[in-house]
Amino acid sequence: MATTVVGFRLGWDRKGRQATVVLTQAGVLHHSSGLLGLAPRPARPQAPAAPDAHPVPRQAATLRRVYAGLVHQGYGRELIPPVCVRLDADEHPLHPRPWGEHAPRAHPELIAEFTGAAPAGPGTLDGALTAFYAAIGLTPRARTAAPPPGPAGIPPAVRQALGALAEGRTLASRPGRGAGWSVTGAGVRLHAGPRGEDLSHREVAELQAALTAWLRHRRGPGTGAGAR
């Protein structure tokens, strides 16, 4: 039998490292990392919390957080952009109680087949997960609807950023610069290198949209639904 997976591989050029993450249709997250050009070392897979009636969407949310965390850490180059792939490899059966001695073991062959079968070309995590859900016959959870525009309307970039915050995703500047920023539902953080760098016009616009979305996201109770 074959198995369908979704995953990506990111590289950190400055440190010469790579990280690969693959989510299987059983809801198991496989991780591997290592030096660029060398065989990666697989880590212990992350099984869905048991019991869990909806393991794949929950693990997909974890996949999003892992992707954002790696980018924030410095893994800014997509060696394999996010993609859904059908593999010939059989996924190791998941024990009904997948913890302790029954926890899933590393599956380097599955990761190796994913990296060999993944097509070249651009891709997005949203697009890859949509294809993954369709391939395994799962209806994705409804996304949090973007708030209706107020009297002056909400710019599309702000609506998109607000939706990302509502889903628990991290907004961040492009990696590899001396200065940057990240915005989560919990707060805003600036990152400055030894000298700092000027932001381009586009980067300023992205930061403005992220901050505007964060302010709307964090408005407290009593402000009215229309304020968000």
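Okay, a definition to start: helices here are DSSP runs of H or I with at least four residues, strands are runs of E with at least two, and both are numbered from the N terminus. With that, the protein reads β-β-β-β-α-β-α-α-α-β-β-β-α along the sequence, which comes to five helices and eight strands.

Some housekeeping. This is a predicted model, where local features need pLDDT of at least 70 and side-chain atom pairs count only at pLDDT 80 or more, while totals for chains, interfaces and linings use all residues. Residues are numbered from 1 along each chain as its sequence is written, and side-chain values use heavy atoms, with hydrogens and water left out.

Now the overall picture. There are 228 residues, and 37% of them count as buried. Buried means under 20% relative accessible area, exposed means over 50%, and partly exposed is in between, with a 1.4 Å probe and protein chains only. As for contacts, meaning heavy atoms within 4.5 Å, take those with a separation of 6 or more: 61% of them are between residues 24 or more positions apart.

Let's look at the sheet. Five strands make an open sheet, in the order β4-β3-β2-β1-β5, with antiparallel pairing. Two strands pair if DSSP finds at least two bridges between them. The edges are β4, residues 41-42, and β5, since each of these pairs on one side only.

What about helix α2, residues 108-117: which of its residues are buried? They are Leu110, Ile111 and Phe114. Down the axis of α2, the buried residues fall within an arc of 100°, so they line one face of the helix. That arc is taken from the directions from the helix axis to the C-beta atoms. Their cover includes β1 (3-12), β2 (17-24), β3 (29-35) and β5 (77-87).

Next stop, β7, residues 179-183. Five of its five residues are buried, so the strand is largely enclosed by the rest of the structure. Ala179, Trp181 and Val183 point one way, and Gly180 and Ser182 the other. In general, side chains in a regular strand alternate between the two faces of the sheet. Who are the strand's partners? β6, residues 171-172, runs antiparallel to β7 and is joined to it by two bridges, with alanine 172 partnered by serine 182. β8, residues 188-192, pairs with β7 in the antiparallel sense over five bridges, and a hairpin joins β7 to β8 through four residues. Valine 183 has valine 188 as its bridge partner in β8.

Last, the aromatics. The structure holds three aromatic pairs. Rings of Phe, Tyr and Trp (its six-membered ring) pair if their centres lie within 6.5 Å; planes under 30 degrees apart are stacked, over 60 edge-to-face, and the rest tilted. In one of the pairs, phenylalanine 8 and tyrosine 67 have ring centres 4.9 Å apart and planes at 90°, so the pair is edge-to-face. Phenylalanine 8 sits in β1 and tyrosine 67 in helix α1, residues 55-73, so the pair ties together parts that are 59 residues apart in sequence. Phenylalanine 8 is buried at 0% relative accessible area, and tyrosine 67 counts as buried at 18%.
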